[in-house]
Amino acid sequence: MEPLEKGQQVLALDVGGPTIEFAGAVIPIPLSSVVYARGIDTNLTVFGSIHFTSLLFGNIQTDIGATYRIYESKKPFIPSLSTSVNGNAVYDMNDRMFKFWPQLDVNAFWNFGEKEHYFYAGVSNWWELGAFRSQERPQLDRWLVNPQLGVVLKSKKWFYSIETKFLAPSHNNVNLFVPYFSILGENGASGIYFGIGRKF
Amino acid sequence: MKYLLYIFSLIAFSSCFKMDDLPFLGEKITEYKFENYEGENEITLPQSYNIADSNIHLMTLQSKLPNESEGETIYAVYIGNINSISNDTIIVYCHGQSKHMDAYWQRAKLLANTGSKNRFGVLMMDYRGYGLSTGKSTEESLYQDVRTCLDWLDSKNVTSNQVIMYGFSLGTIPAIDLSAYYTVSAPNKLIIEAPMASVENLTEEALLLDVSSTFFTSLKFDNVEKIKNVSQPLMWIHGKEDDYLSISNGEAIFERHTGTFKEPHRIDGGNHGDLPLVMGFQNYSNKVLSFISR
């Protein structure tokens, strides 16, 4: 969300996903990825990731993109703004199938404390480029809007993050094969994501 | 170089996981209890539906895929008079994904007593890995296990026009496949209760984006495509409140059936496993009987 300093590098592990009700408990689907990011200048950071859980299922999945600081606030309570553009690509090694989804995030973030931790709120947009589903049915969901909230805590060498997403909150989740949990009840799914990163 | 080795090792290690076992929730048991089964049941029939011991025939059959040398032993039960089987109408009941035949005994009894006491013969089987059946189920073995049962009927001089195929939930997958493609002893009519359209369809419904099911599983369960090849009359039953396989699954299948006759039963208040109960046993039986008799 917040771009890195110029020349700074980060290697991070992210774990988490949409939550489901399983055996009486609510648990996140255990998706995981390793992310590398590098500050090109103080306003622009580029990043790339490889998704480990996906790899275990025989798919090479990656996110490649950039985060740009649109506005830097100097005043308390007024947030800074950033945007991230990235492409999420998956290649199925077994069936040799490729899929690509573009993504655009816009976030407001508020720094706090001496170490400039930050809290953020924003929206993550995913687009489906395919016009059809199986059986030649039209793809009705071409644009998914997912609000998100999170906090990033920093130390000298490390940072820790936790984020919750309100996935597809405009969609009804009743009678779906996957028993999603949502704090919004019958709408969408709640996602929870944890991250830990090392700065270089 | 070391890092390249790590990357190649990781890619080689990948593909180890697929969710191919997920649908097969069979439980192993030490014996079949049928009338004396006290486990959980969504349907419990009055005693008047009980089947006499002389009409319960537990058997083993050898189910062998083309690439297997030995095959697996599957257990099946025939409800009815085995001496008159060649003259009877037989319902081949393909059960759902849970447990074993004991858990579906009440449903099989209901079908056997549809219309009148012991009116129909019912043949039910445990797929590989279910109950006492050996081995492990796969999509291909599912078809083979049911095909083996049809072959047994054929060996008893039961002709195709005496066979009604009934699939419930997971059981709709072999029921539709064999109705569409099995020519040796193809069933005469097809009844499907709470079917799944396809794994692809489930993935699309759950993820909204067009994420291919092949990313997670090699299973297809492509009922929605295969039904196009079913020419037999079709009866479809689905609960409007099905929270496991939504009614849209059944709608997609029903819409694509191009045979000479089809009838839908969309059940108000019906969920996934309770349709005979919600419909009422008599009403359910009347609908099944009417379809079989037409």
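Student: What is the volume of the second largest pocket?

Tutor: The second largest pocket has a volume of about 440 Å³, where a volume is the space filled by probe spheres set on grid points joined across faces, edges and corners. Of the 18 residues in its lining, those closest to the centre are B:Glu42, B:Ser98, B:Tyr104, B:Phe168 and B:Gly273. This is a predicted model, in which local features need pLDDT of at least 70 and side-chain atom pairs count only at pLDDT 80 or more, while totals for chains, interfaces and linings use all residues. Residues are numbered from 1 along each chain as its sequence is written, chains are lettered from A in the order in which they are written, and side-chain values use heavy atoms, with hydrogens and water left out.

Student: Why is B:Cys94 called buried?

Tutor: Buried means under 20% relative accessible area (1.4 Å probe, protein chains only), with exposed over 50% and partly exposed in between. B:Cys94 has a relative accessible area of 0%, so B:Cys94 is buried, and B:Cys149, also at 0%, is therefore buried.

Notes:
On a 1 Å grid over the protein atoms alone, a cavity is a set of points where a 1.4 Å probe fits but cannot get out, and a pocket is an open set with protein on both sides within 12 Å along at least five of seven lines; lining residues have an atom within 4 Å of a point.
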